[in-house]
Amino acid sequence: MNYRHSFHAGNFADLVKHALVLWLLRARQASGAVRVLDTHAGAGLYDLTGDAARSREAEAGVARLIAAGARPPLIEALASEVAGLNPDGGVRFYPGSPVLIGRTLRPGDHYVGFELREEVAGLLRESLRGFKGARGEIGDGYDLVRTEAKQARGALVLIDPPFERPDDYLRAAETAGAILNTDPGAIVAIWTPLKDLETFDGFLRRLAAVTSAPTLVAEARLRPLTDPMKMNGCAMVVVNPPEGTDAAASEICGWVAGTLGDAGAKAEVWRV
């Protein structure tokens, strides 16, 4: 599956991921300073007149988000962040996780984002330049995040691979397990596409084999899982979810599936 952040920026899956990450960050901030680690940060900020204009996925995602009325609170929180980057109206710029998190950091909070590709890592560093406490690093996030996790306690970790490699599911699960062995109080949020149940169930089984920590699965299916060649939905798998995550995920996934999905779309939040 070829999943480039710039090509898919602002699509329905980004809305699920970023609305929940924003809530998780604020929930974690309620208990003190927070360190956020991001294994696959991407460029940080996306001009939707670029690669995303060719895919047109933002038109069916963030553009409809901004145009929607009566948005529930957690969807409204993301819409407000997007609007803050587009003061002249419309939706030209969309924040990836680095900028979304950077805008939310408080004094004492820290963010470290990793990007494997050198040209994208340069864009990441540029997008984070104005945020104190935030930095971008080049390298393999699966490996580097483990080192960073040893220096933190209670970190919020985002694992958001492109799923271009056949071992991404395996490495995502094993990285989560390694982090939790180092820092049992960490919150680990893993984004995955939903193409078919066999692949997704295999990932959940592997995750359960490497950690016994409580795990929440939040799914937003925009269409039935009948074509494994399409991204029919997405999931956020949250290990060590803080109190209130079930309700937050239900609100977010329910809105995305109900507003942006086809007939037969559904949202489901459950515990492994």
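This is a predicted model: local features need pLDDT of at least 70, side-chain atom pairs count only at pLDDT 80 or more; totals for chains, interfaces and linings use all residues.
## Helices α2 and α11

Two packed helices are described by the angle between their axes and the distance between the axes. Helix α2 spans residues 12-29, and helix α11 spans residues 245-260. They pack at an angle of about 160°. Their axes are 10 Å apart. Angles over 145 degrees count as roughly antiparallel, so α2 and α11 are roughly antiparallel to each other. Their crossing is right-handed.

Which residues of α2 meet α11? They are Phe 12, Leu 15, Val 16, Ala 19, Leu 20, Trp 23 and Leu 24. On the α11 side stand Thr 245, Ala 248, Ala 249, Ile 252, Cys 253, Val 256 and Leu 260. By class, this contact has 13 nonpolar residues, one polar residue and no charged residues.

## Phe 12 in α2

Phe 12 belongs to helix α2. Is Phe 12 buried or exposed? Its relative accessibility is 10%. Buried means under 20%, so Phe 12 counts as buried.

Leave out residues up to four places away in sequence, and Phe 12 touches Gly 61, Ala 220, Leu 222, Met 231, Gly 233, Cys 234, Val 256 and Leu 260. Val 256 and Leu 260 are among the α11 residues that meet α2. Ala 178 is 166 residues from Phe 12 along the chain. The C-alpha atoms of Phe 12 and Ala 178 are separated by 30 Å.

## The two sides of α7

Helix α7 covers residues 118-127. Its buried residues are Val 120, Ala 121, Leu 124 and Ser 127. Seen down the axis of α7, these residues fall within an arc of 120°, so they line one face of the helix. On the other side of α7, Glu 118 and Glu 119 are exposed.

The relative accessibility of Pro 98 is 0%, so Pro 98 counts as buried.

Again leaving out residues up to four places away in sequence, Pro 98 touches Asp 38, Ala 41, Gly 44, Tyr 111, Leu 124 and Leu 128. Leu 124 is one of the buried residues of α7. Pro 224 is 126 residues from Pro 98 along the chain. The C-alpha atoms of Pro 98 and Pro 224 are separated by 31 Å.

How values were computed. Residues are numbered from 1 along each chain as its sequence is written. Side-chain values use heavy atoms; hydrogens and water are left out. Buried means under 20% relative accessible area, exposed over 50%, partly exposed in between (1.4 Å probe, protein chains only). Helices (H or I, at least four residues) and strands (E, at least two) are DSSP runs, numbered from the N terminus. The arc is that of the directions from the helix axis to the C-beta atoms. Axes are lines fitted to C-alpha atoms, for helices over the stretch in contact, and angles run from 0 to 180 degrees between N-to-C directions. Angles under 35 degrees count as roughly parallel, over 145 as roughly antiparallel, 65 to 115 as roughly perpendicular and the rest as oblique. A crossing is left-handed if the near helix is turned anticlockwise from the far one by less than a right angle, and right-handed if clockwise. Contact means heavy atoms within 4.5 Å. Ala, Val, Leu, Ile, Met, Phe, Trp, Tyr, Cys and Pro count as nonpolar, Asp, Glu, Lys and Arg as charged, and the others, Gly among them, as polar.
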